[in-house]
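Please keep the sequence and the structure in view while reading.

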Amino acid sequence: MCLSSSEYCITGGAWLSILGIRDNKDIDIILSINGQLEFDKKYTLLSDDDKSKVDEFIDRSPKHARAHVRISGSKNTDYLIQNYCVMIDGIKFVNLSIFAKYKSNRRGSKHKDDYKKMLKFLNSSYGHLGS
């Protein structure tokens, strides 16, 4: 299942893994409107076994996508993907600041702990920039 990088961005635990905070168990993806249609079209062609694998490792929750759109002030996922993402080694990720704000708004000790560790990483790793 290949999608153009203009049709999606990665968020969630992938950021935590990149920052060395904790391993991620799945990929949280935000899809554009066309990306969602393309994903759904390709998904229907998969075998039940392959659908199960996709469902286990790819989280494309519309609820989480809407939260990122709201936090960024975007009109929709298309606008978010075009204006609030960064490329890292050819892969598009939602801006770290938006993900951090998303984490700060989540309930539960796991999310609060992740947020504190993100702040600690950013303060220790990037505090020296500009000095």
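At what angle do α2 and helix α3 (residues 48–57) pack, and how far apart are their axes? In this predicted model, α2 and α3 pack at an angle of about 140°, and their axes lie 10 Å apart. The two helices are therefore oblique to each other, since an angle counts as roughly antiparallel when it is over 145 degrees and as roughly perpendicular when it falls from 65 to 115. On the α2 side the contact is made by F39, Y43 and T44, which face K51, V54 and D55 of α3. Sorted by class, the residues of this contact comprise three nonpolar, one polar and two charged.

A second pairing joins helix α4 (residues 62–72) and helix α6 (residues 96–105), which pack at an angle of about 115° with their axes 10 Å apart. That angle makes α4 roughly perpendicular to α6, and the crossing of the two helices is right-handed. From α4, the residues H64, A67, H68, I71 and S72 take part, and they meet I98, F99, K101, Y102 and N105 in α6. The contact of α4 with α6 holds five nonpolar, four polar and one charged residues.

The table sets the two pairings side by side.

| Helix pair | Angle | Axis separation |
|---|---|---|
| α2 and α3 | about 140° | 10 Å |
| α4 and α6 | about 115° | 10 Å |

Helix α4 also contains R70, which counts as exposed because its relative accessibility is 57%, and the cut-off for that class is over 50%. The C-alpha atoms of R70 and Y102 are separated by 9.6 Å, although these residues stand 32 residues apart along the chain.

The largest nonpolar core has 30 residues, of which V94, F99 and M118 touch the most other members. Elements giving two or more residues to this core include the strands β1 (8–11), β2 (27–31) and β5 (91–94), and the helices α1 (13–18), α2 (33–44), α4, α5 (77–83) and α6. Among these contributors, α6 gives the most, with five residues.

Which residues does M118 touch, not counting those up to four places away in sequence? With that exclusion, M118 touches L16, L19, I21, L96, F99, A100 and K103. One of these partners, F99, is itself named with M118 among the core residues that touch the most other members, and F99 is also one of the α6 residues in the contact with α4.

How values were computed:
Residues are numbered from 1 along each chain as its sequence is written. This is a predicted model: local features need pLDDT of at least 70, side-chain atom pairs count only at pLDDT 80 or more; totals for chains, interfaces and linings use all residues. Side-chain values use heavy atoms; hydrogens and water are left out. Axes are lines fitted to C-alpha atoms, for helices over the stretch in contact, and angles run from 0 to 180 degrees between N-to-C directions. Helices (H or I, at least four residues) and strands (E, at least two) are DSSP runs, numbered from the N terminus. Angles under 35 degrees count as roughly parallel, over 145 as roughly antiparallel, 65 to 115 as roughly perpendicular and the rest as oblique. A crossing is left-handed if the near helix is turned anticlockwise from the far one by less than a right angle, and right-handed if clockwise. Contact means heavy atoms within 4.5 Å. Ala, Val, Leu, Ile, Met, Phe, Trp, Tyr, Cys and Pro count as nonpolar, Asp, Glu, Lys and Arg as charged, and the others, Gly among them, as polar. Buried means under 20% relative accessible area, exposed over 50%, partly exposed in between (1.4 Å probe, protein chains only). A nonpolar core is a set of buried Ala, Val, Leu, Ile, Met, Phe, Trp, Tyr and Cys residues joined through side-chain atoms within 4.5 Å.
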